[in-house]
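Here is a note for a colleague who is opening this structure for the first time. The points below are meant to be read with the sequence and the model side by side.

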Amino acid sequence: METFVLLFPQFNFLAPKEEAYFKMLGPKDLKAPRMKDSNSRLKDKRSKLSLLLTKSGSHENISPEKKTTTATSNISPEAALRWSDAFEELLKHSDGVETFSQFLRTEFSEENIEFWLACEEYKTIDSDSRLITKAKQMYAVFIEAEAPKEVNIDYATKVAIRKTIATPTNTCFDAAQSKVYSLMKKDCYPRFLTSDIYLRLTKRKGPGTTMFRRRSRSCVFNEPRGEATGDSSAWL
């Protein structure tokens, strides 16, 4: 079997510097370092690509006009209470969208609302060139496997979107948006209504300490203690 001879001038510390130290290496010894270097370069390229996509897929770049900077302290309890009427009501208000986004960030699922907002903006594009650019960007950021902000949708929906990316329409993301919307409404929204972020806005207490009042013609029962009061003004 063929072997290679490599020269290492100063590996033999007992010999004079002029002497050379020889070590015999076979092909297998040389193959491992080369594969390691190749894998390292490949990882570097993937890391740079992921960083680029993450930057281009940020909330600010995908949907800049949807992002709000309103402090939650400026939201009145009355306004926040209206968000509990329906998920649709929450999404009608920019403050509601921003507060809901803050909640999703605590659950590491903010890609859902960001994708939904991006789809809303995408539908308004009337330029074919911008439509193609935005569609490819959204696909790279939210749809394809291992995307920086990949949303949780089924494989068939992903394939359908991929087939339309070359010649996209304003509706090519509708199916995916509907699925993400349903996920937020049924899963995230109920948890949001009991979260600390929302309860602080509405001045309510947590589920374990909330006092419920049941109306009666003669008195009001404060639960869970069951104490009664004859003050009729309490239930008017």
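Where is the place of Glu146?

1. Glu146 sits in the loop between α7 (128-143) and α8. Please keep in mind that this is a predicted model. The phi of Glu146 is near 65°, a positive value in a residue other than glycine, and with 74% relative accessibility Glu146 counts as exposed. Most residues other than glycine have a negative phi. Phe108 belongs under this heading as well, since this residue, although not a glycine, has a positive phi of about 55°; Phe108 is found in the loop between α5 and α6 and counts as exposed, at 72% relative accessibility.

2. For the overall picture, the chain has 10 helices and five strands, and 32% of its 236 residues count as buried. Among the contacts in the chain with a separation of 6 or more, 52% come from residues 24 or more positions apart.

3. Helix α9 (residues 174-193) deserves a look along its whole length: at 1.5 Å a residue its 20 residues should span 28 Å, and the C-alpha atoms at its ends are 26 Å apart, which agrees. An α-helix has 3.6 residues a turn, so residues three or four places apart point the same way.

4. On the aromatic side chains, the count comes to 11 aromatic pairs. In one of them, the ring centres of Phe87 and Phe100 are 5.5 Å apart and the planes lie at 70°, so this pair is edge-to-face. Because Phe87 lies in helix α4 and Phe100 in helix α5, the pair ties together parts that are 13 residues apart in sequence. Phe87 is buried, with a relative accessible area of 1%, and Phe100 counts as buried at 0% relative accessibility. Both rings belong to one aromatic cluster, whose members also include Trp83, Phe103, Tyr181, Tyr189, Phe192 and Tyr198.

5. Turning to charged pairs, a search of the whole structure finds nine salt bridges. One of them joins Glu107 and Arg191, with the closest N and O atoms 2.7 Å apart; since Glu107 lies in the loop between α5 and α6 and Arg191 in helix α9, the pair ties together parts that are 84 residues apart in sequence. Glu107 counts as partly exposed at 28% relative accessibility, and Arg191 is partly exposed too, with a relative accessible area of 33%.

6. A second salt bridge to inspect is that of Lys149 with Glu114, where the closest N and O atoms are 2.8 Å apart. This pair links distant parts of the chain, with Lys149 in the loop between α7 and α8 and Glu114 in helix α6, 35 residues apart. Lys149 and Glu114 are both buried.

7. Not counting residues up to four places away in sequence, Glu111 touches Phe142, Lys149, Glu150 and Val151.

Note on methods. Residues are numbered from 1 along each chain as its sequence is written. This is a predicted model: local features need pLDDT of at least 70, side-chain atom pairs count only at pLDDT 80 or more; totals for chains, interfaces and linings use all residues. Side-chain values use heavy atoms; hydrogens and water are left out. Contact means heavy atoms within 4.5 Å. Helices (H or I, at least four residues) and strands (E, at least two) are DSSP runs, numbered from the N terminus. The expected span of a helix is 1.5 Å times one less than its number of residues. Rings of Phe, Tyr and Trp (its six-membered ring) pair if their centres lie within 6.5 Å; planes under 30 degrees apart count as stacked, over 60 as edge-to-face and the rest as tilted. Buried means under 20% relative accessible area, exposed over 50%, partly exposed in between (1.4 Å probe, protein chains only). A salt bridge is a side-chain nitrogen of Lys or Arg within 4 Å of a carboxyl oxygen of Asp or Glu.
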